[in-house]
Amino acid sequence: MIELLRQLCTLDGTSGDEGAVRKFVISQIKDCCEYRIDNLGNIIAFKKGKKTPSKKTLIDAHLDEVGLIITSIDQNGFLRFKTVGGVDTAALLFHRVLINGKTVGVIGGKPIHLTGGDERKKLPNADNLYIDIGAKDDTQARTLVREGDRAVMCSDFTVIGNKILTKALDDRVGCAILIKLLQKQAEYDFYASFSTGEEIGLRGARVAAYSVDPDAAIVIDGTTAADIAGVANENQVCRQGLGAVVSFMDGATAYDREYYNAALSSGISSQSKCAVAGGNNAGAIHLSRGGVRTLALSVPCRYIHTAGSVADFRDIDAVYKLCEYMINKIASDRL
């Protein structure tokens with residue numbers, strides 16, 4: 001799993017530009033299931049199991065990561081940009097970025113020694129930031145980049161004990177888990193979607209769910225872990241090392257109560273997500289066609305949507321085991 005995660009997380013794939021990640025996923029699953037690519041770039045796979053399920057089940061993970069998109073190039077060769085997905089300004093300033101997988105730049109802004117008073121106490125407005133690629137003017141800059149090009153934050157993949165530190169854990173951890181499920185012999189048939197555009201509004205999952213028309217769905221994602229210094233226990237949402245995170249409700253979905261209870265009582269390491277906030281592809285999937293009974297299983301990630309996200313291998317393994325458990329429980333009509 002470590003090497004699979006390394007390969008997935010070091011690929012670049014912002015929302016709407018997931019091609020490199022999609023190509024890699026296909027290389028991992030092409031010999032163990034049927035699959036197709038739809039018009040939005042979703043991979044929709046079918047895994048044949050030993051038995052036919054009583055309910056058609058869809059497992060989803062999203063391909064895309066947060067990043068930046070170049071919106072203009074000024075006469076001095078600096079690149080203006082907008083974020084693709086939710087990226088905090090604090091995670092951007094003076095950070096290295098990689099554009100189109102080849103051009104390195106740094107996100108610039110006014111240095112602290114040129115600020116004073118209240119300005120020094122505040123984060124700069126994201127609209128005042130730019131990317132410096134070392135170009136002398138716009139003509140030289142345009143030999144390297146153009147409007148609409150994508151950038152991601154530069155990051156290494158580092159293993160620290162039970163933890164990994166890297167970019168794009170949201171949701172390459174989900175993609176890795178789903179790949180492993182497809183590579184293993186399945187007890188029951190199930191469908192899988194590696195969906196596009198989650199970070200900009202659940203777009204791919206909406207289409208994938210409509211196409212598959214499942215009775216039930218499990219969404220695998222990364223979620224915010226706030227078990228960090230300075231955060232009170234009651235505000236930590238979920239904690240690393242305690243297993244899979246099971247949501248009862250978020251900003252887009254009220255989850256199936258029976259599925260939620262079954263996951264927590266499975267005997268596999270798990271914890272409730274103690275917050276009603278955010279959302280994931282379940283928000284689109286559970287409203288598809290006549291409605292889909294849906295469960296969200298997440299890996300707790302510290303510093304999510306940054307180049308220094310952290311996840312715990314024990315939690316990733318718990319999500320894998322719990323997802324397999326729930327597929328079989330739903331498919332066998334025990335729920």
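Q: How many bridges join strand β11 to β17, and in which sense do they run?
A: Strands of a sheet pair through backbone hydrogen bonds, either parallel or antiparallel. Here β11 (residues 163-166) is joined to β17 by 4 bridges, and the two run antiparallel; two strands are taken to pair if DSSP finds at least two bridges between them, and strands (E, at least two residues), like helices (H or I, at least four residues), are DSSP runs numbered from the N terminus. Leucine 165 has valine 310 of β17 as its bridge partner. This is a predicted model, in which local features need a pLDDT of at least 70 and side-chain atom pairs count only at pLDDT 80 or more, while totals for chains, interfaces and linings use all residues. Residues are numbered from 1 along each chain as its sequence is written, and side-chain values use heavy atoms, with hydrogens and water left out.

Q: In what order do the 3 strands of the open antiparallel sheet stand?
A: The order is β10-β11-β17, with antiparallel pairing. The edges are β10 (158-160) and β17 (309-312), each of which has a single partner strand, so one side of each is left without a neighbour in the sheet. From one strand to the next the twist averages 25°, where axes are lines fitted to C-alpha atoms (for helices over the stretch in contact) and angles run from 0 to 180 degrees between N-to-C directions. Helix α9 packs on this sheet by touching β10, β11 and β17, and its direction makes about 65° with that of β17; contact means heavy atoms within 4.5 Å.

Q: Which strands form the open sheet of 8 strands, and what is the pairing?
A: The strands follow the order β1-β2-β12-β3-β13-β16-β14-β15, and the pairing is mixed. At the edges stand β1 (34-37) and β15 (270-272), each with a single partner strand, so one side of each lacks a neighbour in the sheet. Direction ignored, neighbouring strands of this sheet are turned by 25° against each other on average. Helix α9 (residues 313-331) packs on this sheet, touching β3 (57-62), β12 (190-195), β13 (216-224), β14 (244-246), β15 and β16 (293-301), and its direction makes about 170° with that of β16. The pair β1 and β2 (residues 43-47) is antiparallel over 4 bridges, with isoleucine 43 in β2 as the bridge partner of isoleucine 37.

Q: How many residues lie between the strands in the hairpin of β4 and β5, and which glycine takes a positive phi?
A: The hairpin has 5 residues between its strands, and glycine 77 takes a positive phi near 90°. Strands β4 (residues 67-73) and β5 (residues 79-84) pair in the antiparallel sense over 6 bridges, with glycine 67 standing opposite valine 84 in β5. Strand β4 is also joined by 2 bridges to β9 (residues 150-153), again running antiparallel, where arginine 150 is the bridge partner of isoleucine 69.

Q: Which residues touch the most other members of the largest nonpolar core?
A: In soluble globular proteins, nonpolar side chains tend to be buried together. The largest nonpolar core has 58 residues, of which Ile29, Phe194 and Met326 touch the most other members; such a core is a set of buried Ala, Val, Leu, Ile, Met, Phe, Trp, Tyr and Cys residues joined through side-chain atoms within 4.5 Å, and buried means under 20% relative accessible area, exposed over 50%, and partly exposed in between (1.4 Å probe, protein chains only). Helix α9 gives the most to this core, with 10 residues. Neighbours within four places in sequence aside, methionine 326 is in contact with Ile218, Tyr259, Ala262, Ala263, Leu295 and Leu335. Another core, of 20 residues, lies apart from the largest one, and Leu68, Val87, Val97 and Ile107 are among its members.

Q: Which residues of helix α2 are buried?
A: In α2 (residues 19-29) the buried residues are Val21, Arg22, Phe24, Val25, Ile26 and Ile29. Their cover includes α1 (2-9), β1, β2, α5 (169-183) and β12.

Q: Is glutamine 236 buried or exposed?
A: Glutamine 236 is buried, with a relative accessible area of 6%, and its place is in the loop between β13 and β14. Not counting residues up to four places away in sequence, glutamine 236 touches Ala225, Ala226, Asp227 and Val231.

Q: How many helices and strands does the secondary structure of the chain come to?
A: There are 9 helices and 17 strands. Buried residues make up 54% of the 335 residues in the chain, and among contacts between residues at least 6 apart in sequence, 76% join residues at least 24 apart.
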